[in-house]
Amino acid sequence: MLLKHTTKEVRERKALTVNPAKTCQPVGAMYAALGVHGCLPHSHGSQGCCSYHRSALTRHYKEPVMAATSSFTEGSSVFGGQANLLQAIETIFTVYEPEIIAVHSTCLSETIGDDLNQIVIKARDEGKVPFGKYVVQAATPSYVGSHVTGYGNMLEAFVKYFAEKTDEKRRQINLLSGWVEPADMRELKRIMKVMKVKSVLLPDTSDVLDTPMTGKFEMYPKGGTTIAEMVSMGDSMQSLGLGEWATEKAAISLDNTCKVPFEITDIPVGIKATDRFIQALAKAGRVSIPEQISEERGRLIDVITDMHQYLYGKRVAVFGDPDNIIPLIEFLVDMDMKPVYIVSGTPGKRFEERMTEILSERVPEAKYKNGPQADMFLMHQWIKENPVDLLIGNTYGKYIARDENIPFVRMGFPIVDRIGHSYFSTLGYMGGLRIVEKILSVLMDKQDEICLEEKFELVM
Ligand code: SF4
């Protein structure tokens with residue numbers, strides 16, 4: 001028993017978090033910055049923070065993640081890190097030659113009160129930012145929010161800095177992506193191509209964190225949203241944000257500064273969320289839905305119908321980030337599964353409302369919680385009280401899955417003990433097929449493992 005100290009009895013906790021179902025804001029800020037072409041993320045804090053953020057991303061994506069740090073020492077921790085950041089900006093532009101440095105703060109620099117905005121202005125005034133190069137900054141203290149809000153804050157910083165409104169309206173939409181895999185961003189671009197909707201996808205980590213082996217190291221891979229694309233976002237017809245937690249701030253900022261109206265919809269996971277996304281895309285891009293998309297939907301429905309007997313009534317526990325698990329829970333309910341336990345470490349009032357909307361009629365027994373005390377310990381306690389047939393979440397779920405002998409599907413961030421997540425999309429109808437395949441594989445493996453010999457089926 002790896003988690004032998006987990007007890008069945010759930011006690012109300014106000015302060016303690018045990019095995020959080022989230023990670024820290026700068027990890028998200030770093031991931032968002034990597035989705036911008038020629039951008040070097042910069043962590044304003046200690047070397048330890050930067051190493052952790054880089055290694056969290058490197059382990060998940062199995063790609064080297066480049067980032068710089070202000071390398072706080074005891075002195076900067078007491079007197080502030082302005083001198084370190086000024087020096088860092090000068091050195092980075094000279095040695096590593098990025099087009100943009102995306103600076104995010106850390107717990108330490110926020111606690112001592114470093115004002116990133118003021119330091120970046122000072123760097124510009126002192127000529128440390130060469131002509132045609134840029135420094136963007138976002139506040140990401142980790143004692144609030146999570147990696148998802150850090151991602152959202154950096155996204156907002158990019159559009160605030162770059163988007164420009166001119167007199168020329170462009171026949172394009174802004175697609176602000178929530179935190180999804182490089183393969184998912186590739187899938188979003190494929191869908192938009194099929195739909196014939198011209199768009200700017202921000203950020204875009206495809207061809208950045210899923211690059212082919214060429215034998216040559218590229219500090220700045222060919223992928224990522226370009227500066228010109230970000231500038232043009234101010235003239236787009238509309239913004240479409242995928243995921244309230246990660247994209248709403250950026251969408252509001254574009255509306256406030258450039259008068260680009262916006263709509264926030266879910267990340268297209270499963271049937272209903274993809275339906276809403278496709279409809280929103282068709283409306284924003286003023287196009288009709290092509291036959292190819294309808295066929296993809298039909299294929300997904302067909303597979304679910306064929307395999308419904310294996311999915312029906314299965315009790316599921318899910319943990320992860322709100323933007324990702326809200327549509328996933330809806331998808332599970334659509335397949336007649338029962339998501340009974342749901343936790344998300346990311347705070348936000350809308351989570352409970354959305355869960356109630358989705359679950360109150362179809363799965364009234366469901367328990368759900370988000371915020372700091374919605375941790376893996378609580379999820380394990382719930383499972384101990386009344387077991388489930390399936391667990392869905394990131395790598396950290398493997399301890400619970402092993403202790404309780406539950407089939408486990410890895411989805412979310414981070415996944416550090418398997419591959420595939422960054423190469424095979426789980427978005428759209430095609431991605432829905434991948435989710436169904438993953439779920440069915442573990443459920444059927446379990447059935448093969450435990451059934452009586454006379455019930456052991458060749459054809460399932
Ligand atoms: S100190 Fe704060 S910013 Fe640094 S790794 Fe820890 S939680 Fe993240």
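Reader: How much space lies in the largest pocket?

Author: Rolling a probe the size of a water molecule over the atoms shows where empty space is left. Here a pocket is an open set of points on a 1 Å grid over the protein atoms alone, where a 1.4 Å probe fits and protein lies on both sides within 12 Å along at least five of seven lines. The largest pocket holds about 580 Å³, a volume being the space filled by probe spheres set on points joined across faces, edges and corners. It is lined by 27 residues, and E63, V208, T211, E218 and P221 are the closest to its centre; a lining residue has an atom within 4 Å of a point. This is a predicted model, in which local features need pLDDT of at least 70 and side-chain atom pairs count only at pLDDT 80 or more, while totals for chains, interfaces and linings use all residues. Residues are numbered from 1 along each chain as its sequence is written, and side-chain values use heavy atoms, without hydrogens and water.

Reader: Which strand gives the most to that lining, and how does the lining divide by class?

Author: Strand 1 (residues 39-44) does, with three residues; strands are DSSP runs of E, at least two residues, and helices are runs of H or I, at least four, numbered from the N terminus. By class there are 16 nonpolar, six polar and five charged residues. Ala, Val, Leu, Ile, Met, Phe, Trp, Tyr, Cys and Pro count as nonpolar, Asp, Glu, Lys and Arg as charged, and the others, Gly among them, as polar.

Reader: Which residues are around the ligand?

Author: They are C24, P26, C49, Y52, H53, T106, C107 and S142, each with a heavy atom within 4 Å of the molecule. Helix 2 (residues 47-61) gives the most to this shell, with three residues. The shell has five nonpolar, three polar and no charged residues.

Reader: Is H104 buried or exposed?

Author: H104 is buried, because its relative accessibility is 0%; buried means under 20% relative accessible area, with a 1.4 Å probe and protein chains only. H104 sits in strand 3 (residues 100-105). Beyond neighbours within four places in sequence, its contacts (heavy atoms within 4.5 Å) include P26, H53 and T140.

Reader: Which residues touch the most other members of the largest nonpolar core?

Author: In soluble globular proteins, nonpolar side chains tend to be buried together. In this model, L57, F158, L391, I392 and I439 touch the most other members of a core of 123 residues. Such a core joins buried Ala, Val, Leu, Ile, Met, Phe, Trp, Tyr and Cys residues through side-chain atoms within 4.5 Å.

How values were computed: Buried < 20%, exposed > 50% of the residue type's maximum accessible area, 1.4 Å probe, protein only.
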